[in-house]
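Please open the structure in your viewer and keep a selection panel at hand. The stops below are meant to be taken in order.

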Amino acid sequence: MCPVCWSGTDVPLCRVCGHDVTDGATQLRSAAAKWDLHAASRASRAVWERANAAGRQGRSADRVLPGLRPLLRLPPPMWDEVPAPADETYRPLPKGPETWAGAVSVLTALSAGAVDAVLFLGISATGLTTEILPRHTDEPPAAHQSRSSEVLWTEVAPWLPRSTPERYFLLAGGIGQAPPYGGPGLPPATDRAWEAAISQSTDLALAALHAVRSNGRAVPLVVVHWAPGWRWLDAALRAVERSAPPAARIATDDGRAMAAAVSAACHRVPLRHGYALLTRPKTAGALAQRQIRPLLLFPGGTLLPEEDALSVKVQLSAAPGDSASTFALPLVLTKGPEPADWEVLRTGRTTIRPGELTEVTVVLRHAGQPRFSGNVIDSPFDEDLLLARPGPVAAPDVDLLLLLELGGTPADLDRRVGLLCAVLERLDADWSASGQLTVGAIGYGGHAFRPMRSSVEQDPLRYWGPGPALEAGRELKAWTPSPASHTFATPLEDALDAAARRDIWRPHAHRVLLIVGSRPPHPPQQGKDLALPCPKGLDWEVILGELRQRLELQVISVYDPHPPLGRWRRQSVDRLRHAWTELGRQHSFELGMHGPEVVAAGIRAAAGVRGTAPGLMVGALGDDSPFDTRTWHENEES
């Protein structure tokens, strides 16, 4: 056995450290001290970098950690003089493109659909970490879509010390004054002691890869090697290469090796397709109104930033002689030259006066997700209508039930009723020609909390319907406000329970529930805030889940931010936000921010109705805009 690195050897010249085991005692002691110094240097540097990565104040590891000095095979008088020797095998993370070329090539193939998934395997001082990045429709691949698992060194080598610096010292190849090798059940030779741990860790880490490959799936492997030069991390890398040769390798000294490397590789994958905003030519005439001209915002090949987002501002206007005031803003992914190859990613709606210009900002975040910024409201439209691919439009039978909060001032109720009446007028126009729309309404005021021995309270609900949409609007205008008996909650849970038992729902119709209110429902039990529990013990979340699953309801919420919350406790505010987030999980709007046209469009989409898309806008730079792509197809069909 080599007295320097403790490797099992049967020849005079050690194959690991290169020292001759027949040298004199003084030379071997000097070689052993240098061997431990290199391992302690790597371990000290890793501890300092780990502290800096976690945000704790650290310093450069210009000296070996004080806690490691007694472990080194050096005489005590030299402990305080131990520097960090130059480590030629330790390399910082290269910044050039050659570091990422292989991983970016693999991820580009994933984005193109050439492979089914990519497995990242990180080899670090913590253990072996695997992250599977599946094929996804988003562009480019995003690290947040991955699924990770980890095999810890302390699990496969339980004899490792609990102290992080000492464990790093052994992983880097250090021996020290009192090594664990040769202890109970552990061979004295280091390579034999680590053989079982490395074999077990690689088998566990690569088990998922071998399983999916045995089923015929194309899953390339990308290895992230943390701190090259560490003896046993390099040994784990060689074991992985023997079991499953990697398609690419990334060398890094980042303490957050796996997360940082996967994220950095994903952000280096360029956009495969371009992102464009659909407009129409500036020329007047009926033909121009039927044409589509994509305004290229982010061309294919664009690299997205790691943290910030890219943004493009464009000026748009109405076409000459166009009297409309509402326009659609469709963002498409241009997968080919024909409109049939385009995919609508996001649609917005904006309103301008005739002759005015408006500036629209389109933001592309690091995960390839676009959004609008400015005077634009997200509004769903049918993709075929936006791309001028009209098909048969038939309004289906729809049952719409309104849950309206009656609590508050007369002005609060008038504001909510005004929105509902405007929405019902628009829906009535959609269903006037075909289909059947029936509307019901439940108004909920407030619980009259009484002493326990008093009689049962009266029903806090008010009912109407079902009936036609316009008749429902006239009835709502006659409803009067109900004083808010409790500031922090309202009997919305009673209204949801009544919605599950109402006979409005027809078996063949689409079912939509529209909730308009301000306060959250009562909790089933007393919580940490001031909201009183429901007197009937109803659990509104359980009832809401049954409505969505058993009755297949599409639930739409319209939150009214008035009256203001005032001095609500944080627990009460959190409960309110949780309630309206859960109520609007399928569709959500806010009174005052979203108008009746937008809410009506949401109801149409929830009911499976293809909404009528408004016209497209014109680029302010005209048909000679540098963004314009004249070679793309202009759809001249109706």
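Predicted model: local features only at pLDDT ≥ 70, side-chain atom pairs only at ≥ 80, totals over all residues.

Residues are numbered from 1 along each chain as its sequence is written, and side-chain values use heavy atoms, with hydrogens and water left out.

**The cores**

Begin by selecting Trp153, Trp194, Leu221 and Trp230, which have the most contacts inside the largest nonpolar core, a set of 60 residues. A nonpolar core here is a set of buried Ala, Val, Leu, Ile, Met, Phe, Trp, Tyr and Cys residues joined through side-chain atoms within 4.5 Å, where buried means under 20% relative accessible area, exposed over 50% and partly exposed in between, using a 1.4 Å probe and protein chains only. Next colour the elements that give two or more residues to this core, among them α1 (25-53), α5 (190-214) and α6 (231-243); α1 gives the most, with ten residues. Helices (H or I, at least four residues) and strands (E, at least two) are DSSP runs, numbered from the N terminus. Then move to a second, separate core of 35 residues, which includes Leu402, Trp431, Trp464 and Leu476.

**The sheet**

Now select β12, β11, β8 and β21, which form, in that order, an open sheet of four strands with antiparallel pairing; two strands pair if DSSP finds at least two bridges between them. Because β12 (370-373) and β21 (618-619) stand at the edges with a single partner strand each, one side of each is left without a neighbour in the sheet. Strand β11 (residues 357-364) is joined to β12 by four bridges, and the pair to display there is Val363 with its bridge partner Arg371 in β12. On to β8 (residues 310-317), which eight bridges join to β11, with Leu310 having Leu364 of β11 as its bridge partner. Of the eight residues of β11, six are buried.

**Helix α2**

Select residues 101-111, helix α2, and highlight its buried residues, Ala103, Val104, Val106, Leu107, Leu110 and Ser111. Viewed down the axis of α2, these fall within an arc of 160° (taken over the directions from the helix axis to the C-beta atoms), so they line one face of the helix. After α2 comes Gly113, whose phi is positive, near 85°.

**Thr129**

Which residue's side chain is joined to that of Thr129 by a polar contact? Thr129, placed in strand β2 (residues 127-134), has a polar contact of 3.3 Å with the side chain of Glu150. A polar contact is a pair of N or O atoms within 3.5 Å; within protein, one must be able to donate a hydrogen and the other to accept it, and residues adjacent in sequence count only if both atoms are side-chain atoms. Thr129 counts as buried, at 12% relative accessibility. Leaving aside neighbours within four places in sequence, its contacts (heavy atoms within 4.5 Å) include Phe120, Leu121 and Met258.

**The cysteines**

Finish with Cys14, which is buried at a relative accessible area of 4%. With a disulfide taken as a pair of cysteine sulfur atoms within 2.5 Å, the count comes to zero; for Cys14 the nearest cysteine sulfur, that of Cys5, is 3.5 Å away.
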